[in-house]
Each structure stands twice: as structure tokens, then as C-alpha cells.
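Subject: Structure handover

Hello,

Here is the structure for your review. My notes follow below it.

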Amino acid sequence: MDIQTINRKPFIVAEMSANHNGSLERALAIVDAAAAAGADAIKLQTWAPACMVVDKGYTIKSGAWAGRNLADLYREAHTPWAWHLPIFKRAKERGLIPFSTPFDIPSLDFLERDCKCEIYKIASFEIVDLHLVAAVARTGKPMIMSTGMASHLEIQCAVFAAVAGGCNDITLLKCTSAYPAQVANANLATMIEMRDNFDGCSVGLSDHTMGSVVAVVATSMGAEVIEKHLTLSRDDGGLDANFSMEPEEFAQMVKDCRIAVSAIGNIQFGPSEGECTDLRRSLWLVEGITAGETFQPWHIRSARPALSTECYLIDQVIGRVAADSYAGGQPLKMEMLK
């Protein structure tokens, strides 16, 4: 598995996150929906609830989950480890690549040992945990890192830790860690800056904005990975529902991103398939001329269609002598010149 050599661009990841709402049946249905929508991969989040929060009384101060107890939030959002194998199995049956974001070393060990995970993701909030980054790198698997909130130096340190750990396939995702994020805060130019500054790293987008515009624009700017949350229905509620896409929306995003890639195409000058060169201009004889008469500007006009001499040759025609008598209203040919 090598993200940088996957033929299908962009590599589109459906993020399940907490949208299973505590139901394995729903989780499997999200896998099916991701496959039907044309995603390339389904991503989970893997943690041991006891390892996530030390201060069990901490309350979130702002954002989508303001007022919630942090430990309770992670217990509710948790994807039980016992669900991973059936979810991975269903994903592979549906032609998807299943992978996950480990939030701690025990979770990474579980994903390596039991799930044979092929790709790993580092979440935006964990990019500063260089011990975790290095441990993931030592698996030798491709690594995707979200960069939400990270300074240039913090990204640099994470990339260094990954490379030092042995990872040679790193994708950096521009991410705005707000839920939902505002389009005005997408700052996709940062994605290009990361590509230019971190040699050997691919770039992409982890998108929390509503709709597909930002994902399509990122694709047009060269994003190789697009990650977007997927739920069966926002009306069903759940911790991540209000910034997740429904299946039809996700499917349209996939189509639009593929179209964007197709539109980028290759560097080409000159006519392409379907362009009608006949509708360009050429030189036409609009006034009759007799043999031996000198061509004057009023004899000639550039007009459509392009059936005769190219327009740029007009200066080589004016002042020349007609080889024979010609009626007006016909294409000007160079053989008409003496």
C-alpha cells in the first residue's frame, strides 16, 4: 500500500468517526454507504477510553461540544475494538480500504496485530504527540497527518519524527479543526505551501466545512487525499452529525472531485479533440481582381471559416500582383499571387 502511487486521484476517505451512534449495525451500513458513494477508503478512530483523558472532571469550554464532560464525550464516541474486525471485513468485501486513527500506543498495537491496518492517520490534536507519531512510523505503513492548529514548526517536527521512524510515505492534510468549519477559514493556500516546503510529502484536505465546494477546490489545487465525515442521516443525530455529509451528498462530492481531476488534465497547446479549427479566421478575397493587378487592402479581409491562407500572412499578400483574374467572395490562396 502506497498512497503516493495510488492511481485514483484524489484518494477519497469516508470518515466514520462517532457517526455509528453506538450501533455496529449502523457502522456497517455506513461502510456500505461509503462504497456506494464511490469512496476509496473508510476510516475509523481507535482509542482506549481510559487512556484519552486524565482529568475526568474536565468540561469542554467552546466549540461544537461546549459544556460536555470530555471523558464522557470520548466514552460515547468510542468505536469498540470488538467492532473493528467486522467493519474491516465489510469494507474489504465492498472494495474499500479500511484504516484508522490510533490515539494511543495500545490502540496502535491492536490495529497492527489484530486488524493488519494498511494505513494510519494522525489526528490534528495528536500531531504534537511525537512519541505516537514515531511509533506509527515504525510500522512502515503510509501515514496521513492532519495539521489543524499546527504551526509550521510543529508540522516540521512531526514530519521529522515520522521520517526518522522509518516512514517514507507521508501525506499532510490541511485541516481546520472546527466542527463545522467555515469556508473562509479553509485557507487552502496553506496546502500548496506545505507541498512546496515538505519535500517528499503529498498533500490533501481533511474537510469539516459543509458542502463539497472546498473539497472540489482543493482537488483542483492538487490535493491527493480528500477526507470527509459521512453519516447515514444528519437527522439521526450523534456527536458528529451536524458537520457530516449524507450519502447522496458524499456521492456528488466524489463525482465532482473526479470531474475536477479530469478538468485539470494535461498541459496541452493547440487544438484538442472536439475543437473545430474551421471556425477560426483566414484570408478571403472580397473584391474581384484582374490579372496583373496589385492586391490592395480593400481586396482582402480576414473572416471565418478558416479555409484559406492564415491571417498573419496578409502583409505578404498586400502589394503582390494577381496571377490571374479572380472573383470576390472566395478563399485567398497563395497560388493566386504572381
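Contact here means heavy atoms within 4.5 Å. This is a predicted model: local features need pLDDT of at least 70, side-chain atom pairs count only at pLDDT 80 or more, and totals for chains, interfaces and linings use all residues. Residues are numbered from 1 along each chain as its sequence is written, and side-chain values use heavy atoms, with hydrogens and water left out.

Start with A322. Leaving aside neighbours within four places in sequence, A322 is in contact with I289, T290, A291, G292, E293, F295, M336 and K338. A322 sits in the loop between α11 (314–317) and β11 (330–331). Helices (H or I, at least four residues) and strands (E, at least two) are DSSP runs, numbered from the N terminus. A322 counts as buried because its relative accessibility is 0%. The cut-offs are under 20% relative accessible area for buried, over 50% for exposed, and partly exposed in between (1.4 Å probe, protein chains only).

Next, the sheet. Three strands form an open, antiparallel sheet in the order β10-β9-β11. Its edge strands are β10 (300–303) and β11, each pairing on one side only. Two strands pair if DSSP finds at least two bridges between them. Four bridges join β9 (residues 282–285) to β10. One partner pair is W284 with R301 in β10.

Then the cores. A nonpolar core is a set of buried Ala, Val, Leu, Ile, Met, Phe, Trp, Tyr and Cys residues joined through side-chain atoms within 4.5 Å. The largest has 74 residues, and I42, M143, M145, L172 and F250 have the most contacts inside it. Helix α1 (residues 24–37) gives the most to this core, with eight residues. A second, separate core of 15 residues includes W47, I60, L70 and A77.

Last, the charges. A salt bridge is a side-chain nitrogen of Lys or Arg within 4 Å of a carboxyl oxygen of Asp or Glu. The whole structure has 15 of them.

- K9 pairs with E224, with closest N and O atoms 3.7 Å apart. The two are 215 residues apart, K9 in the segment before β1 (11–15) and E224 in the loop between α9 (213–220) and β8 (225–229).
- K43 pairs with E15 at 2.5 Å between the closest N and O atoms. K43 lies in strand β2 (residues 41–46) and E15 in strand β1, so the pair ties together parts 28 residues apart in sequence. Both K43 and E15 are buried.
- D114 pairs with R113, the closest N and O atoms being 2.8 Å apart. R113 is exposed, at 52% relative accessible area.
- D32, R90 and R94 are linked in a salt-bridge network.

Best regards
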